[in-house]
Amino acid sequence: MAHGTFSQYTRKKILSHLFGTTYTQPNIYVALGSAINTTTDAFTEVSASEYTRKLYSGWANPVDDGSGNYYVTNNATIRFQKVTTTTVNPWGSVQYVALFDAITSGNLLWYTELSPSVFPVLGDRPNLRSGIVRFGMLGSLTTISFSSPV
């Protein structure tokens, strides 16, 4: 099981918020990518023409895993676009899921590694099923699924 990580930006915002600086909750966009530089938080995102980050607001309230570790999970399936690019391996190796505060660019908030990584091909539609994305102090993501072509 992979463990998720707050970005440097998010860690700073949490500390600032705890010690008196107002922080406005951003819109949260879910992204897929192939690499993360854990020193600089540089995220290599899928670059296929049909791919975009998905705005998602259906997060559950924090839940205790029974060990005092709290996490938040998605209440509904997060559906990405169907792969329409016809080149070989158009989305590359999707190895990470991340949260950003903007539809493009923006600040990386959180990331976690997929296990196993996936290689979406023509006709696939990557989905993160309800309850499968878990972000918390020890957040994890265990799997990604594909819907049948629509």
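Arginine 53 forms a salt bridge with glutamate 45, and their closest N and O atoms are 2.9 Å apart. A salt bridge here is a side-chain nitrogen of Lys or Arg within 4 Å of a carboxyl oxygen of Asp or Glu. Side chains of opposite charge can pair when their charged atoms come close. The structure holds 1 salt bridge. Arginine 53 is buried, with a relative accessible area of 7%. Glutamate 45 is partly exposed, at 23% relative accessibility. Buried means under 20% relative accessible area, exposed means over 50%, and partly exposed lies in between (1.4 Å probe, protein chains only).

Some ground rules come next. This is a predicted model, where local features need pLDDT of at least 70 and side-chain atom pairs count only at pLDDT 80 or more, while totals for chains, interfaces and linings use all residues. Residues are numbered from 1 along each chain as its sequence is written, and side-chain values use heavy atoms, with hydrogens and water left out.

Now take the whole chain. It has 1 helix and 13 strands. Helices (H or I, at least four residues) and strands (E, at least two) are DSSP runs, numbered from the N terminus. Along the sequence, the pattern is β-α-β-β-β-β-β-β-β-β-β-β-β-β. Of the 150 residues in the chain, 41% are buried. Contact means heavy atoms within 4.5 Å. Among contacts between residues at least 6 apart in sequence, 66% join residues at least 24 apart.

What lies inside? The largest nonpolar core has 30 residues. Such a core is a set of buried Ala, Val, Leu, Ile, Met, Phe, Trp, Tyr and Cys residues joined through side-chain atoms within 4.5 Å. Val30, Leu32, Phe80, Trp91 and Leu128 have the most contacts inside this core. Strands E2 (29-37), E8 (94-100), E9 (108-118) and E11 (133-136) each supply at least two of its residues. In soluble globular proteins, nonpolar side chains tend to be buried together. Leaving aside neighbours within four places in sequence, valine 30 is in contact with residues including Tyr51, Arg53, Phe80 and Leu128.

Two of those partners also pair with each other. The rings of tyrosine 51 and phenylalanine 80 have their centres 6.1 Å apart and their planes at 10°, so the pair is stacked. Rings of Phe, Tyr and Trp (its six-membered ring) pair if their centres lie within 6.5 Å; planes under 30 degrees apart count as stacked, over 60 as edge-to-face and the rest as tilted. Tyrosine 51 sits in the loop between strand E3 (42-45) and E4, and phenylalanine 80 in the loop between strand E7 (78-79) and E8, so the pair ties together parts 29 residues apart in sequence. Tyrosine 51 is buried at 8% relative accessibility, and phenylalanine 80 is buried at 0%. Ring pairs link Tyr51, Phe80 and Trp91 into a cluster.

Now the loops. Aspartate 41 has a positive phi of about 60° although it is not a glycine. This aspartate 41 is in the loop between E2 and E3. Serine 105 also has a positive phi, of about 50°, and is not a glycine. Serine 105 lies in the loop between E8 and E9. Is each of these two residues buried or exposed? Aspartate 41 counts as buried, at 12% relative accessibility, whereas serine 105 counts as exposed, at 57%.
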